[in-house]
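Please keep the sequence and the model in view while reading.

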Amino acid sequence: MKIAMIGTGYVGLVSGVCFSDFGHDVVCVDKDPAKIDMLESGQVPIYEPGLEDLMAKNVAAGRLSFTQNLKYAVKDAQAIFIAVGTPTRRGDGHADLTYVFAAAEEIADSLEDYAVVITKSTVPVGTNRKVKQLIQKAHPGLDFDVASNPEFLREGAAIDDFMRPDRVVVGVQNERAADIMAEIYRPLFLRDFPIVTTDLESAEMIKYAANAFLATKITFINEIAALCERVGADVKQVSKGIGLDGRIGNKFLHAGPGYGGSCFPKDTKALARIGQEAGMPMQITETVITVNDETKRRMVDKIIDLCDGSVSGKTIAVLGVTFKPNTDDMRDAPSLTIVPALIGGGAKVRVVDPQGLNEGEALLPGAHWVEDAYKAAQNADAVVILTEWNEFRALDLKRLARRMETARMADLRNIYSPKDAKKAGFVAYCAIGRRGFG
Ligand code: NAD
């Protein structure tokens with residue numbers, strides 16, 4: 001099968017590389033010349049474990065190539081995936097579909113023979129029908145179908161998620177398109193990963209419902225954690241106690257500084273907007289958005305409390321600024337709320353992150369970047385663990401505490417325990433949803 005992948009970001013590049021590994025012929029397109037230059041020279045513009053090797057293998061096998069020329073990529077393709085960004089539109093929370101529609105128009109201009117145009121980007125219900133109308137209008141008489149194929153991969157584990165998905169969701173209008181989609185995903189089908197085939201609208205809704213549900217689960221445990229702090233319970237024990245209930249499940253029950261990333265914040269906002277426009281407000285999702293914003297802000301208060309009521313003039317070492325480990329993605333990361341608030345409060349902030357520098361430097365003006373946690377902690381007044389990179393999971397706490405001016409820790413990922421911190425010489429320690437000291 002010849003496939004064109006429009007957009008080589010976190011989703012498009014991983015999908016394109018994995019489809020080529022299935023044995024398909026894939027041409028990946030991006031309008032960003034810098035990205036295509038890097039890809040053509042064998043470099044991966046994003047940090048995603050395993051991607052560079054898998055890409056090199058399939059380029060060498062002649063199944064994978066990159067271009068800026070959409071027309072060339074689309075010309076002989078039987079399947080054209082749209083995997084461009086759908087960020088939050090300024091002002092109203094709606095998903096910005098400018099890139100999707102622009103890609104659809106270019107596809108309409110370039111297509112000659114029958115193909116399925118598949119939207120992989122996360123798009124509001126009704127978008128695939130609009131893509132279809134747009135192509136029909138731009139290229140009357142063209143024989144084509146549209147399909148919705150939302151993506152569920154997680155950054156940091158994207159290849160494994162793509163190769164071993166819990167399910168593949170495909171929304172189609174007829175069997176012709178369903179057969180092409182089945183052909184594309186056949187290698188997974190043979191390995192018994194379920195393909196859920198639906199109509200277009202249901203496939204579009206599945207993606208938003210899944211992300212809003214997961215964001216709700218995280219926000220629920222974060223709110224329980226805040227209550228645990230008030231009433232003297234330990235959220236780690238509570239998570240374990242409820243997560244062992246098969247109806248609840250133990251995933252997404254780790255309390256933390258609030259969700260961030262390229263999907264949950266924008267997709268919850270977009271779902272809320274879809275609800276408002278349909279006259280069916282998504283009250284739970286709207287509350288989740290508010291509570292998550294409050295959670296991030298509460299982290300700032302926690303750090304200020306830890307520093308005896310003020311961070312002014314204090315040096316704070318922040319460990320981890322990407323929205324989660326194993327990615328360089330900074331989009332809507334809690335650090336973007338917390339670090340500027342600390343700097344605004346008069347703190348000198350040092351940050352360290354294994355992959356965050358490229359994206360993060362411009363986003364966190366005034367922060368000083370250092371190479372490792374121990375350098376960051378030198379003469380500092382507090383250490384804040386914000387992203388649970390492996391590098392921060394097994395720190396030598398004694399060594400860290402010894403270097404600090406005042407050994408205080410805000411453990412916003414609950415990696416360590418009050419006991420560990422006390423034994424290492426910390427004079428103050430706070431975590432999420434459990435007792436600290438100092
Ligand atoms: P991204 O911003 O990393 O990548 C988008 C790419 O598309 C960019 O490189 C951009 O240059 C390119 N592009 C835009 N318009 C183009 C055009 N007309 N022609 C060619 N290239 C074009 O975005 P992403 O994180 O990969 O997300 C893409 C979509 O997938 C979004 O809708 C997102 O919600 C969804 N999604 C993302 C994730 C994730 O973890 N990042 C997971 C599941 C779904």
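Helices α13 and α14 cross in a right-handed sense. In this predicted model, α13 and helix α14 (residues 335–344) pack at an angle of about 40°, and their axes are 9 Å apart. On the α13 side the contact is formed by K296, R297, M299, V300 and I303, which meet T337, I338, A341 and L342 of α14. Sorted by class, the residues of this contact are six nonpolar, one polar and two charged.

Helix α13 (residues 283–306) also packs against helix α10 (residues 200–231), at an angle of about 50° and with the axes 9 Å apart. With that angle, α10 is oblique to α13. The crossing of α10 past α13 is left-handed, whereas that of α13 and α14 is right-handed. From α10, the residues A212, A215, T216, T219, N222, E223 and A226 meet I284, T285, V288, V291, N292, T295 and R298 of α13. This contact comprises six nonpolar, six polar and two charged residues.

The contact brings V14, V17, S20 and D21 of α1 together with L51, L54, M55 and N58 of α3. Its residues divide into five nonpolar, two polar and one charged.

| Helix pair | Angle | Axes | Crossing |
|---|---|---|---|
| α13 and α14 | about 40° | 9 Å apart | right-handed |
| α10 and α13 | about 50° | 9 Å apart | left-handed |

At the level of domains, the domain assignment gives domain 1 (2–198) and domain 2 (233–438). The centres of domain 1 and domain 2, taken over C-alpha atoms, are separated by 33 Å. Between them, 15 residues of domain 1 are in contact with 16 residues of domain 2. The side of domain 1 that touches domain 2 consists of eight nonpolar, five polar and two charged residues.

An unreviewed UniProt entry lists residues 317–418 for "domain: UDP-glucose/GDP-mannose dehydrogenase C-terminal". In the model, the end C-alpha atoms of residues 317–418 lie 19 Å apart, and the span is 29% helix and 18% strand.

Key: Residues numbered from 1 in each chain as written. Predicted model: local features only at pLDDT ≥ 70, side-chain atom pairs only at ≥ 80, totals over all residues. Axes fitted to C-alpha atoms, helices over the stretch in contact; angles between N-to-C directions. Helix = DSSP H or I, 4+ residues; strand = E, 2+ residues; numbered from the N terminus. Parallel < 35°, antiparallel > 145°, perpendicular 65-115°, else oblique. Left-handed = near helix turned anticlockwise from the far one by under 90°. Contact = placed C-beta atoms within 7 Å. Nonpolar A, V, L, I, M, F, W, Y, C, P; charged D, E, K, R; others polar. Domains from an automatic or database assignment. UniProt positions renumbered as here; feature names shortened; annotations may be inferred.
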